[in-house]
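Subject: Handover of a structure for your review

Dear colleague,

Please find below the structure that I am handing over to you.

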Amino acid sequence: MMYRLFATAMAAGVLVAVLVSMVEVYTTTPLILEAEGYEVSTVIIGHVHDHSAWSPENGWERFGYTVVANVVTTISFALFLVVGLSFGPKQADRRTGFLMAIAGFAAFTLAPTMGLPPELPGMPTADLHARQMWWLATVLCTLGGLYCLFLTDIEPVKILGILIVLAPHIWGAPHPLTQASEVPATLAAHFAASSIVISAILWGLLGYFAPLFYNYFKGKEA
Amino acid sequence: MNTQTSSIAKTSSNLSEMIKARLVALAFAGAMLFTVGFAQSAPLHNAAHDTRHVEVFPCH
């Protein structure tokens with residue numbers, strides 16, 4: 001089973017990450033680069049890169065590292081999705097794949113985005129550690145809540161699931177002290193929309209390919 | 001009776017293997033997400049910078 005989960009996640013993760021990276025080249029990457037032009041003049045906002053540290057050169061090198069980071073991220077997402085598939089029938093079908101992909105998209109994109117909208121370089125943000133903690137809590141609550149809601153049959157547990165999903169939003173995400181930014185609002189809005197759509201494409205493709213590989217690797221298990 | 005016992009034993013060993021596989025998969029997924037999305041090391045942050053922004057990880 002271990003082999004099947006990991007083989008499926010790696011195959012689907014690499015394939016989807018490469019496809020999504022191509023889409024990013026034409027959609028989000030130009031927006032990030034444009035925003036970085038404004039970032040230079042917004043040191044007061046607190047977004048300062050450590051310029052002494054290594055960073056990839058713009059162009060192919062930067063793209064290469066982004067692809068690697070996308071591959072690692074997408075394999076992780078695929079592992080969550082495949083664990084979800086393992087609760088279903090031995091032979092995964094596309095419907096289950098898409099349902100699990102919707103759950104993943106809800107937990108890793110929709111729920112955290114409610115409190116922490118996609119940010120471009122140069123935009124004002126609250127304390128990084130506080131945002132990371134809220135992000136983590138929200139993802140875990142959403143995953144746990146969806147599990148209670150859809151993978152158990154006990155009524156009170158389902159109601160508890162709804163409350164768990166809502167809890168981090170009632171608590172509230174950390175917000176920056178100021179909303180003012182040098183980055184044009186239209187650029188930020190364009191980036192926010194694009195990054196959510198790209199996540200949707202990523203999860204949609206994972207939902208399509210993961211069941212295919214999951215069934216393929218079923219016969220390959222020792 | 002024996003067949004029944006061995007079938008129960010087999011089911012429970014399958015189940016525990018399944019739970020172990022799921023936990024290992026989730027642990028790996030968590031560790032990889034932490035490295036790409038959360039780790040504060042400057043070179044790691046710079047390498048994964050664009051992915052962090054697009055995948056809506058808190059970045060800076």
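Helices (H or I, at least four residues) and strands (E, at least two) are DSSP runs, numbered from the N terminus. On that basis, the elements of chain B follow the order α-α-α from the N terminus on, with three helices and zero strands in total.

Before the details, a note on conventions. This is a predicted model, in which local features need pLDDT of at least 70 and side-chain atom pairs count only at pLDDT 80 or more, while totals for chains, interfaces and linings use all residues. Residues are numbered from 1 along each chain as its sequence is written, chains are lettered from A and ligands numbered from 1 in the order in which they are written, and side-chain values use heavy atoms, with hydrogens and water left out.

Chain B and its surface

Of the 60 residues in chain B, 43% are buried (buried means under 20% relative accessible area, exposed over 50%, partly exposed in between, with a 1.4 Å probe and protein chains only).

One residue of chain B deserves a separate mention. Val56(B) is not a glycine, yet it has a positive phi of about 60 degrees. Val56(B) is found in the segment after H3 of chain B, and its relative accessibility of 5% makes it buried.

Salt bridges

A salt bridge is a side-chain nitrogen of Lys or Arg within 4 Å of a carboxyl oxygen of Asp or Glu. Over all chains, the count by this rule is three.

Glu36(A) and Arg62(A) form a salt bridge with an N to O distance of 3.1 Å. This pair links distant parts of the chain, 26 residues apart: Glu36(A) belongs to helix H2 (residues 28-39) of chain A and Arg62(A) to helix H3 (residues 60-85) of chain A. Glu36(A) is buried at 16% relative accessibility, and Arg62(A) is buried at 12%.

Arg62(A) also forms a salt bridge with Asp50(B), at 2.7 Å from N to O. Here the pair crosses between chains, from helix H3 of chain A to helix H3 (residues 49-54) of chain B. Both Arg62(A) and Asp50(B) are buried.

Glu119(A) lies in the loop between helix H4 (94-115) and helix H5 (128-150) of chain A and Arg131(A) in helix H5, so the pair ties together parts that are 12 residues apart in sequence. Glu119(A) and Arg131(A) are both buried.

Cysteines

Over all chains there are zero disulfides, a disulfide being a pair of cysteine sulfur atoms within 2.5 Å. For Cys141(A), the closest cysteine sulfur is that of Cys148(A), which at 10 Å is too far for a bond. Cys141(A) is partly exposed, at 21% relative accessible area, whereas Cys59(B) is buried at 2% relative accessibility.

With kind regards
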